[in-house]
Amino acid sequence: DWELQILARAAHAHFVQRTAETLRSLVELVDSLPDVVVREEIAAMAFQAVAKTRASIDAASQGDVTSALAESREALVLALTAIHDDSVVSQLYFSWEFKYAVYLPISMPILVPLVTACWRQ
């Protein structure tokens with residue numbers, strides 16, 4: 001019985017740590033890309049993950065390891081779902097630098113003659 005308690009507490013600590021790292025990565029991603037639009041569902045998942053993590057820590061401090069383990073697992077699932085959402089991942093790979101790198105070479109051959117013609121007149 002005590003071996004299971006030790007394993008459950010270790011798993012709980014791992015889930016809480018991984019949830020915190022995942023949510024920190026999500027915040028860093030949103031802060032690093034100024035034009036990222038975070039959908040309300042993603043923000044709600046992140047806030048739910050934080051709430052479940054706090055609930056799991058409270059349950060663990062009261063000695064309810066089963067509830068703490070369940071809450072921390074749900075928090076980790078929510079955090080991973082939020083960071084791996086298609087809208088977040090697409091913003092990661094199609095940042096403004098990427099858009100300029102793609103569209104600038106396409107538009108320059110058109111813009112240079114237009115600007116030159118307008119400047120001469």
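Predicted model: local features only at pLDDT ≥ 70, side-chain atom pairs only at ≥ 80, totals over all residues.
Figure 1. Helix 2 covers residues 40–61, a run of 22 residues.

Figure 2. An α-helix has 3.6 residues a turn, so residues three or four places apart point the same way.

**Figure 3. Helix 2 against helix 3.** Helix 3 comprises residues 65–83. The axes of helix 2 and helix 3 lie 8 Å apart, and the packing angle is about 160°. Angles over 145 degrees count as roughly antiparallel, so helix 2 is roughly antiparallel to helix 3. The crossing is left-handed. From helix 2, the contact residues are Ile42, Met45, Gln48, Ala49, Lys52, Thr53, Ala55, Ser56, Ala59 and Ala60. They meet Ser67, Ala68, Glu71, Ser72, Glu74, Ala75, Leu78, Ala79, Thr81 and Ala82 of helix 3.

**Figure 4. Helix 3 and its buried face.** Helix 3 has 19 residues. From its first C-alpha to its last it reaches 27 Å, close to the 27 Å expected at 1.5 Å a residue. Its buried residues are Val65, Ala68, Ser72, Ala75, Leu76, Leu78, Ala79, Ala82 and Ile83. Seen down the axis, these fall within an arc of 165°, so they line one face of helix 3. The face turned away from this buried side carries exposed Thr66 and Arg73.

**Figure 5. Helix 1 against helix 2.** The axes of helix 1 and helix 2 are 11 Å apart and pack at an angle of about 155°. Helix 1 is therefore roughly antiparallel to helix 2. Their crossing is left-handed. Helix 1 makes the contact through His12, Val16, Thr19, Leu23 and Leu26. Helix 2 contributes Ala46, Ala49, Val50, Thr53, Ser56, Ile57 and Ala60.

**Figure 6. Helix 1 against helix 3.** The axes of helix 1 and helix 3 come within 9 Å. They cross at roughly 25°. Angles under 35 degrees count as roughly parallel, so helix 1 and helix 3 are roughly parallel to each other. Helix 1 passes helix 3 in a left-handed crossing.

**Figure 7. Leucine 29 in helix 1.** Helix 1 runs over residues 2–32 and includes leucine 29. Leucine 29 is buried, with a relative accessible area of 14%; the cut-off for buried is under 20%. Threonine 19 is 10 residues away along the chain. The C-alpha atoms of leucine 29 and threonine 19 are separated by 15 Å.

**Figure 8. Glutamate 97 in helix 5.** Helix 5 covers residues 96–120, and glutamate 97 lies in it. Glutamate 97 is partly exposed, at a relative accessible area of 40%. Isoleucine 83 is 14 residues away along the chain. The C-alpha atoms of glutamate 97 and isoleucine 83 are separated by 21 Å.

Notes. Residues numbered from 1 in each chain as written. Heavy atoms only, no water. Helix = DSSP H or I, 4+ residues; strand = E, 2+ residues; numbered from the N terminus. Expected span 1.5 Å × (residues − 1). Axes fitted to C-alpha atoms, helices over the stretch in contact; angles between N-to-C directions. Parallel < 35°, antiparallel > 145°, perpendicular 65-115°, else oblique. Left-handed = near helix turned anticlockwise from the far one by under 90°. Contact = heavy atoms within 4.5 Å. Buried < 20%, exposed > 50% of the residue type's maximum accessible area, 1.4 Å probe, protein only. Arc of directions from axis to C-beta.
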